[in-house]
Amino acid sequence: MTTIRRFCCDDLLRFASVNLDHLTETFNMSFYMTYLARWPDYFHAAVSPGGRVMGYIMGKVEGQGESWHGHVTAVSVASEFRRQKLAKKLMNLLEEISDKMDKAYFVDLFVRASNMPAIRMYEKLGYVVYRRVLRYYSGEEDGLDMRKALSQDVEKKSIVPLKRPITPDELEYD
């Protein structure tokens, strides 16, 4: 049986196989450590009975006012553990923490515009394309900013799509 638990420092030495997918963004160790220290509630691992990291989700909470939101920085499942709804479980956990604990208005994430399997999965989870970010990935590939409204956003204002694409320098970071 799979266990979903908080990510811990030891996992940084055991999760490399999860990041082997060419569509998965990888970061340096200090980036992961920053998330682990600043947003531990948003960093979880799916672990096999034998202790193998099968997948993980890493995120944060950011913004102000009605832009206060949960953000999925990375969600990845090792190829041999896909099609078991692990990503869905990890996403649901981050959404629940964003909604119930931090009272966020929405959850957002960025995905490569060419990653149709991921886009379809996010759509099944209730995400919509909020906007296209031109040349978001390494200045080459467009990214899609996808969002899902949470209970604080009663009128669902956060998911009304923008009518035009934007460039990375137009993104607002907190």
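A search of the whole structure, which is a predicted model, finds 13 aromatic pairs. Rings of Phe, Tyr and Trp (its six-membered ring) pair if their centres lie within 6.5 Å; planes under 30 degrees apart count as stacked, over 60 as edge-to-face and the rest as tilted. In the model, local features need pLDDT of at least 70 and side-chain atom pairs count only at pLDDT 80 or more, whereas totals for chains, interfaces and linings use all residues. Residues are numbered from 1 along each chain as its sequence is written, and side-chain values use heavy atoms, with hydrogens and water left out.

Phenylalanine 31 and tyrosine 35 form a tilted pair, 4.9 Å centre to centre with 40 degrees between the planes. Because these residues are four apart in helix α1 (residues 29-38), about one helical turn separates them. Helices (H or I, at least four residues) and strands (E, at least two) are DSSP runs, numbered from the N terminus. Phenylalanine 31 is partly exposed, at 28% relative accessible area, while tyrosine 35 is buried, at 5%. Here buried means under 20% relative accessible area, exposed over 50%, and partly exposed in between (1.4 Å probe, protein chains only).

Phenylalanine 43 and tyrosine 56 also form a tilted pair, 6.4 Å centre to centre with 50 degrees between the planes. This pair links distant parts of the chain, with phenylalanine 43 in strand β2 (residues 43-47) and tyrosine 56 in strand β3 (residues 53-62), 13 residues apart. Both phenylalanine 43 and tyrosine 56 are buried.
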